[in-house]
Every structure is written in structure tokens, then in C-alpha cells.
Amino acid sequence: MISGAVATWKSLPAAQRRMITILLVAIGLANVAQPFPDLAPLQHGPTLLLTFATPWLLRRWPLSTGSVGCIWLFLLLHTFGARWIYSYVPYDDWARMLSGHDISSLLGLRRNAYDRLVHFAFGALLTAPVAEVARRKGDLRRGWSLAFAFTAIGLGSALYEIFEWLLTVIAAGETADYYNGQQGDVWDPQKDMAAAQIGSALALIALLRGRGGDPIGEAPSPEGPAQ
């Protein structure tokens with residue numbers, strides 16, 4: 001079993017192995033002197049399990065390093081926000097230390113907006129990987145792969161909001177409002193989904209303008225994933 005795990009690990013491109021290692025380190029650092037220890041397992045547990053499973057997932061469904069990099073960056077943004085359960089990311093304190101002004105006042109924000117950034121990143125960063133999977137595994141043409149990715153982002157956002165609601169009701173108990181980052185906004189799920197869809201739309205524009213209109217590029221060789 002150990003030899004199989006080592007072989008799976010070594011089968012990945014070096015760049016992908018580095019990204020997995022960095023993400024594991026980031027998850028560990030995010031839990032040093034954890035300010036919300038009761039909610040940390042709910043925030044970081046799924047990411048940790050996914051990271052450990054990544055070598056096997058990439059061996060079964062290989063992706064280009066560019067697409068893996070998009071997923072990696074999204075998970076880093078999530079891990080960073082999860083340290084402060086999103087609602088309490090102290091970006092205003094950091095901004096005041098650096099410039100004497102806080103971001104919320106400058107932008108007229110009434111709530112901590114870090115979660116909106118991550119939902120936007122969900123659409124902006126995961127559209128290309130989803131389109132790549134649709135192109136390679138679903139044998140869809142370029143236009144249909146992009147349409148599928150845009151639709152999948154919307155579906156994924158909706159399913160996540162339902163999952164988050166169920167998880168907070170079942171597992172978070174009295175801390176549900178803190179865990180899901182609603183911050184008193186009854187339209188928070190709809191705004192999160194809109195942010196993801198806007199991010200996906202911008203990603204589609206960028207993908208269509210780059211690489212001669214081909215967002216995916218060459219398929220991986222039979223020997224393994226693209227480098």
C-alpha cells in the first residue's frame with residue numbers, strides 16, 4: 001500500500017507535487033494559535049481530506065498543471081479565510097496599519113467581504129479546470145465545454161449553499177451563523193452565487209481571448225498528465 005502511494009505521488013509532475021505540499025503546509029500554519037478552534041475542523045477538514053486524496057484523483061483524472069494551479073490558488077484563498085471563519089478576516093486592521101485607512105470605509109462595505117472574494121474566485125479560477133475536464137473526459141467541443149463550465153459553476157454554487165446550510169444546522173449548532181458567514185444578510189447565498197457567476201463569466205472572456213480561443217490546449221500524453 002505504501003509503495004503504491006509513493007508510486008502515485010511520483011507519477012505527478014514536480015510542479016503539482018510542490019503545490020500539494022505547499023497547500024498542506026498552509027493548512028497547518030492556518031491552525032497555529034487557531035482563533036476559532038471549535039469551528040476549525042469544519043473549515044479545514046474537507047480541504048485537508050481533499051488535499052490528501054489529490055494524488056489519486058489526479059492519477060485517475062489527470063489535469064494540466066495550469067488547471068491544477070487554478071484549483072490550488074482557490075484552495076489557498078479558502079484556507080486563508082477559513083483561519084478566521086471568513087467573517088473575521090482582519091483585512092481592515094492590516095489596511096489601517098499600512099495606510100491609516102480601512103478598506104470597508106473606502107469601499108462603503110457594511111460587512112466583511114472576504115467571503116465574496118472567495119466565491120468570485122470559485123467562478124474565476126475553477127471555470128478553466130471544469131472546461132478542461134469536459135473537453136477531455138466528455139469529448140465536448142470548445143464552445144460546449146465552456147458553456148458546460150459556466151453552467152457547472154452556477155450549479156456548484158447552488159449545491160454548496162445548500163450543503164453549507166445543512167452542515168451548519170447539523171454540525172455547527174448555535175454557531176451556525178458564525179460558521180456560514182451570513183453576517184445577518186438574508187440574501188447572502190444569492191449574492192455569493194452571483195459573485196461566482198460573475199467570476200466565471202470574466203474567466204470565459206479571458207479564455208476566449210487567449211490561446212487563439214482554445215482555453216485548454218493540448219491533451220496530456222498517454223504516459224501521464226501534462227507538465
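These entries record what I looked up about salt bridges and a surface patch in this predicted model.

I kept in mind that local features need pLDDT of at least 70 and side-chain atom pairs count only at pLDDT 80 or more, while totals for chains, interfaces and linings use all residues. Residues are numbered from 1 along each chain as its sequence is written, and side-chain values use heavy atoms, with hydrogens and water left out.

Salt bridges. I took a salt bridge as a side-chain nitrogen of Lys or Arg within 4 Å of a carboxyl oxygen of Asp or Glu, and the count comes to eight. I looked up D115 and R111, whose closest N and O atoms are 3.0 Å apart, and found both residues buried (under 20% relative accessible area, with exposed over 50% and partly exposed in between; 1.4 Å probe, protein chains only). D192 pairs with R116 at 2.5 Å between the closest N and O atoms; D192 lies in helix 10 (residues 188-209) and R116 in helix 7 (residues 114-136), so this pair ties together parts 76 residues apart in sequence. Helices here are DSSP runs of H or I, at least four residues, numbered from the N terminus. I noted that R111, D115, R116, D188 and D192 are linked in a network of salt bridges.

Within helix 5 (residues 91-99), D93 and R96 sit three residues apart, about one turn of the helix, and form a salt bridge with closest N and O atoms at 2.6 Å. D93 is partly exposed at 40% relative accessibility, and R96 is partly exposed at 38%.

Surface. I then checked I170 in helix 8 (residues 142-172), which is exposed at 71% relative accessible area.

Terms used. Helices (H or I, at least four residues) and strands (E, at least two) are DSSP runs, numbered from the N terminus.
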